[in-house]
Amino acid sequence: MAKLKLAVWKFASCDGCQLTLLDCEDELLEIAGALEIAQFLEATSAIDDGPYDISLVEGSITTAHDAERIRAIREKSKVLITIGACATAGGIQSLRNFADVEAFTSAVYAHPDFISTLKTSTAISDHVTVDFELRGCPVSKHQLLELITATLAGRMPRVPKVSQCTECKLNGTVCVMVAKGTPCLGPVTQAGCGNLCPAHGRGCYGCFGPKENPNPQALSAQLADLGMASRELRDFYRTFNAGAPAFAEESKSHE
Amino acid sequence: MTARTGGSFILDDPAPLVDALRADGWRVIGPREGDGAIVYDEIETAADLPRGFVDEQDGGHYRLRESGNDRWFDYVVGPQNWKKWLFPARQKLWSATRTADGFDIDPEKVEFPKTALFGTRACEIAAIEIQDRVFDNGDFADAGYRHRRENTLIVAVQCARSAPTCFCSSMNTGPRAEAGFDIALTELEDGGFFVECGSDRGAEILDRIDATAADAAAEEAAQAVTEQAAQMQMRSMPENIAGLLKDSLDHPRWAEVADRCLSCANCTLACPTCFCSDVEDVNDLSGDHTERWRVWDSCFSLDFSYIHGGAVRRSTLSRYRQWMTHKLSSWHDQFDTSGCVGCGRCITWCPVGIDITEEAAAFAAEPAEPADAGGLET
Ligand code: SF4
Ligand code: SF4
Ligand code: SF4
Ligand code: SF4
């Protein structure tokens, strides 16, 4: 069987998700053996014009040029998988969606007219059809390997859409919200990080975005009872997944 | 049978019992203070026990505080329960390796050392007995579960107080454990322990200890302790709830609770009787080696009810209804008992404090017309 051709693409992002791929040190040689890496600027200068069997896409769409580029990549890719909060929800840069971008550029840059940018930062799936989304800021190494392994084996990756709370309970982590009154986005956030924050006594920041059937309104009512002011609630939903519809809507209701 | 089986004794403190168990080769799992709660983990001596702590519990609320006295067991049940040990959250079932003409299967051997569950409460014994029916059920028994249970010894602690979330009295599961233990301890009001021996295995341990026989006054004092815990209970389950829920499947109350429910699954995962799991296959990059794991799952997750073409019970309404009706109603049809022992964990550990007894009371207060199954929300 011919090796599958893999391409890795970057849009508006911090490179952290691609680095997660490079961080799979123990498995990298095996991955490189199983796949032909046709395009991955973080790892190799070799460039292959495609078509590709699998495209992994990091980053969000923030310029007209990028909106064009993702369409071209889609056309050349059999399977397109987005990785990370930027690609799946617009990333932290989607804070601009709630603000006036021109006011920002004129405040920050000496020559704002040199800046060519869209008013929004949006998910890849707002522009092209996406076959699978891998959440997280950054993505989890474990889930990334599962995704690659499953794709090679021709099966669906096992990436549950359940709550972060599920990970707490499976790991025996004491709930920080119930036992300490610490605000936590876990009940509306998709699992995947391996229970990072609650296991260290902190509330979940929502890196993996909204879970299936999220109910942020009900959570906000409880967070307000724990003492969060409206403004704090608004900001709580506005981090890496600010642009994810369930979080965006909830944050707007606390403006 | 030793002379001690069925007898009762007096001990000054639990230390000699922990020591005797360990000397007899038992791993002792018991309550410990961890991350601001009572958790169940291995203990080496009685000094590891969280002496002088008391818990404060309510819907979505738990705090562990120093009690200001040196009593040993004034806290009640915490976020974890014994299924963590008897029905582990993640369990490898078998692995397989590709061969020239197929694959070899290597079943996972379950190794569970002799383990004493120290400090098991009455409701928890009832929960273990419920899971016994689920997993140790004749032709379809789970060999791993059975092995773990066979290697388990139960040292009960009879509750001296109840949390406001406890309602074992109304479920007839506590606060006094009448059976199901090898040894049971009651911490008496003026110090010291009334020790009941429930089995030969318990007697073998007690034979190692210098404990004096208890008299009738001590037994009366022990009864008074659990009596007092029962008196403290503030919540209860309506007696006719099983039938009531059957007639309430399209009651408007479901929509109200679904508005508040996060479908986060905490209630099911904290519940000591919930037994649902998922089975997943994990293969390596080469595809030459694969493992099959069993992992806790919950009826609140959509994949749980995924069948050809999609998941059934898509709405939070139908998911909450599945949880509550299974626990309190259809469990009777399936296992001849309620699926709830009244431990209150689902109330305390629900991040938004949804209270199964309050929901039950709402159905009891306004019974619905018998359900029209055709119109059920899925
Ligand atoms: S700590 Fe957060 S994520 Fe964990 S169970 Fe509690 S609310 Fe859920
Ligand atoms: S349903 Fe709730 S109260 Fe009943 S056994 Fe389960 S966790 Fe305890
Ligand atoms: S309530 Fe849900 S998770 Fe618990 S045993 Fe029933 S179906 Fe399983
Ligand atoms: S009842 Fe509470 S713990 Fe259970 S799923 Fe709903 S919000 Fe979560």
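Me: How many salt bridges are there over all chains?
Reply: The count comes to 34 salt bridges over all chains, a salt bridge being a side-chain nitrogen of Lys or Arg within 4 Å of a carboxyl oxygen of Asp or Glu. This is a predicted model, in which local features need pLDDT of at least 70 and side-chain atom pairs count only at pLDDT 80 or more, while totals for chains, interfaces and linings use all residues. Residues are numbered from 1 along each chain as its sequence is written, chains are lettered from A and ligands numbered from 1 in the order in which they are written, and side-chain values use heavy atoms, with hydrogens and water left out.

Me: Which residue does B:Glu42 meet in a salt bridge?
Reply: The partner of B:Glu42 is B:Arg22, at 3.6 Å from N to O. The pair links distant parts of the chain, 20 residues apart: B:Glu42 is in strand E3 of chain B and B:Arg22 in helix H1 (residues 15-23) of chain B. Helices (H or I, at least four residues) and strands (E, at least two) are DSSP runs, numbered from the N terminus.

Me: Which residues are linked with B:Arg253 in a network of salt bridges?
Reply: The network links B:Arg253 with B:Glu256, B:Arg260 and B:Glu359. B:Arg253 is found in helix H9 of chain B and counts as buried, because its relative accessibility is 17%. Not counting residues up to four places away in sequence, B:Arg253 touches B:Glu358, B:Glu359, B:Ala362 and B:Phe363, where contact means heavy atoms within 4.5 Å.

Me: Changing topic: how many residues does each chain give to the contact of chain B and chain A?
Reply: Chain B gives 46 residues and chain A gives 32 residues. Between them the chains bury about 3100 Å², 54% of it on carbon and sulfur atoms. Buried area is the accessible area (1.4 Å probe) that two parts lose on being put together, summed over both.

Me: How many salt bridges are there between chain B and chain A?
Reply: The count is two. In a salt bridge, the side chains of A:Arg158 and B:Glu280 meet at 2.3 Å, N to O. On the side of chain B that touches chain A, the largest share, four residues, comes from E13(B). That side divides into 21 nonpolar, 13 polar and 12 charged residues. Ala, Val, Leu, Ile, Met, Phe, Trp, Tyr, Cys and Pro count as nonpolar, Asp, Glu, Lys and Arg as charged, and the others, Gly among them, as polar.

Me: What surrounds ligand 3?
Reply: Among the residues around ligand 3 are B:Cys274, B:Phe275, B:Trp323 and B:His326, a residue being near a molecule if one of its heavy atoms lies within 4 Å of it. Helix H11 (residues 316-335) of chain B gives the largest share of this shell, four residues. By class, the shell has six nonpolar, four polar and no charged residues.

Terms used:
Buried < 20%, exposed > 50% of the residue type's maximum accessible area, 1.4 Å probe, protein only.
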